[in-house]
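Reader: I have a model open and want to go through it with you. Can we start with the terms and then look at particular residues?

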Amino acid sequence: MSDLKNVKMEGSKIPAEKIKNPALLEAIEKMQEDGSKENIDAMINQVIESKLILPANVTPTTQAKTQNGRTIMEQATQVQFRLLENGNKEKFFGVFTDTEELSKWKGAASANKVVTDFDSLAQMVMDPRAGVVGFVINPFGKSVTFPKNMVISIKQQRDYMRREQNKVQPNVPIQLGEPKEYPIELMGALINHFSTQDNVNRAYLRLIEQNGVKSYLIVVDFIGDLDATFAAINEVAKDYLDDDVELTMMPYSIEFAQTAVRGVEPFYQKQD
């Protein structure tokens, strides 16, 4: 394992010794015996609901903070996360379902135990400073690897489903098509905006109608925080929307979004 410093994460106050994940262990074993979509989805759902142990070196330190010309010394904590490296020199976060699994790692005795969850892990994996390609559960036992692309997809789907705004209503008929009048000014503003955002790869435009309400559907293929990304799009688009057409946004990772833009050229494509 190698070390990684100063990547922010949200920890838990639950002692690591109390972390037990029998349902997750059972789901992993079942999925490894029979890799059906049902078993894979069940395992992923257990990962999302679980608390996991992340080994780290936690060191108390001090830092200087300047306010109104005065320097104040504050207590702080420096965290070095322990990274796994495979034969291709790719780095992963290694996390554990319990202290028994953690004890299989030879460095366990000297490591601090940080209790974390999927959302915090996803934020860390997506942090470009981390330089990791995913995380591995129980790397020295019956391991499961979550590559970065999968982590991003799961995280975006969770964030989207938790939103109250800009969400297509389930089980309500949807009409999907192209705008009769192309919103040139709106598209121009969004293209200019996306060209300044390194995390946006592509964006698509469709027109949807649900419950008699028409919306421009902007499907965005991006990496990073969904709420921040969508809030910025809203800010750019608000001056270009008519009263009779709303704005709906969806990450490309959503299955409906991929279906909606199949065969459609993106109006924005990141330049290499």
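Predicted model: local features only at pLDDT ≥ 70, side-chain atom pairs only at ≥ 80, totals over all residues.

Reader: What is phi of asparagine 211 near?

Author: It is near 55 degrees, a positive value in a residue other than glycine. Most residues other than glycine have a negative phi.

Reader: Is asparagine 211 buried or exposed?

Author: Asparagine 211 is exposed, at a relative accessible area of 54%. Exposed means over 50%, so asparagine 211 qualifies.

Reader: Which loop holds lysine 89, and what is its phi near?

Author: Lysine 89 is in the loop between β3 (70-85) and β4 (91-95). Its phi is near 65 degrees, again positive in a residue other than glycine. Lysine 89 counts as exposed, with 61% relative accessibility.

Reader: Back up a bit. How many helices and strands does the protein have?

Author: The secondary structure comes to eight helices and 12 strands. The protein has 272 residues, and 43% of them count as buried. Its C-alpha atoms fill a box of roughly 65 × 65 × 35 Å along the principal axes.

Reader: At what angle do α4 and α5 pack?

Author: About 125 degrees, with the axes 10 Å apart. Helix α4 covers residues 118-126 and helix α5 residues 148-162.

Reader: Aromatics next. How many aromatic pairs are there?

Author: The structure holds eight aromatic pairs. One of them is tyrosine 204 with tyrosine 252, which is stacked, at 6.0 Å centre to centre and 15 degrees between the planes. That pair links distant parts of the chain, with the two tyrosines 48 residues apart. Tyrosine 204 is in strand β9 (residues 200-210), while tyrosine 252 is in the loop between β11 (245-251) and α8 (255-260).

Reader: And burial for those two tyrosines?

Author: Tyrosine 204 is buried, with a relative accessible area of 5%. Tyrosine 252 is partly exposed, at 24%.

Reader: Which pair is tilted?

Author: Phenylalanine 222 with phenylalanine 230 is a tilted pair, 6.0 Å centre to centre with 55 degrees between the planes. Both of these phenylalanines are buried. Elsewhere, Phe118, Phe135 and Phe146 form one aromatic cluster.

Reader: Which charged end sits over the ring of tyrosine 252?

Author: That of arginine 202, which lies 4.8 Å from the centre of the ring.

Reader: What does the side chain of threonine 248 contact?

Author: It makes a polar contact with the side chain of serine 215, at 3.4 Å. Threonine 248 is in strand β11 and counts as buried, at 9% relative accessibility.

Reader: Last one. Where is glycine 263?

Author: Glycine 263 lies in the loop between α8 and β12 (268-269), and is exposed, with a relative accessible area of 82%. From proline 170, glycine 263 is 93 residues away in sequence and 23 Å away in space, C-alpha to C-alpha.

Notes:
Residues numbered from 1 in each chain as written. Heavy atoms only, no water. Phe/Tyr/Trp six-rings, centres within 6.5 Å; stacked < 30°, edge-to-face > 60°. Helix = DSSP H or I, 4+ residues; strand = E, 2+ residues; numbered from the N terminus. Buried < 20%, exposed > 50% of the residue type's maximum accessible area, 1.4 Å probe, protein only. Lys NZ or Arg CZ within 6 Å of the ring centre and 35° of its normal. Polar contact = N/O pair within 3.5 Å; in protein donor to acceptor, adjacent residues only side chain to side chain. Axes fitted to C-alpha atoms, helices over the stretch in contact; angles between N-to-C directions.
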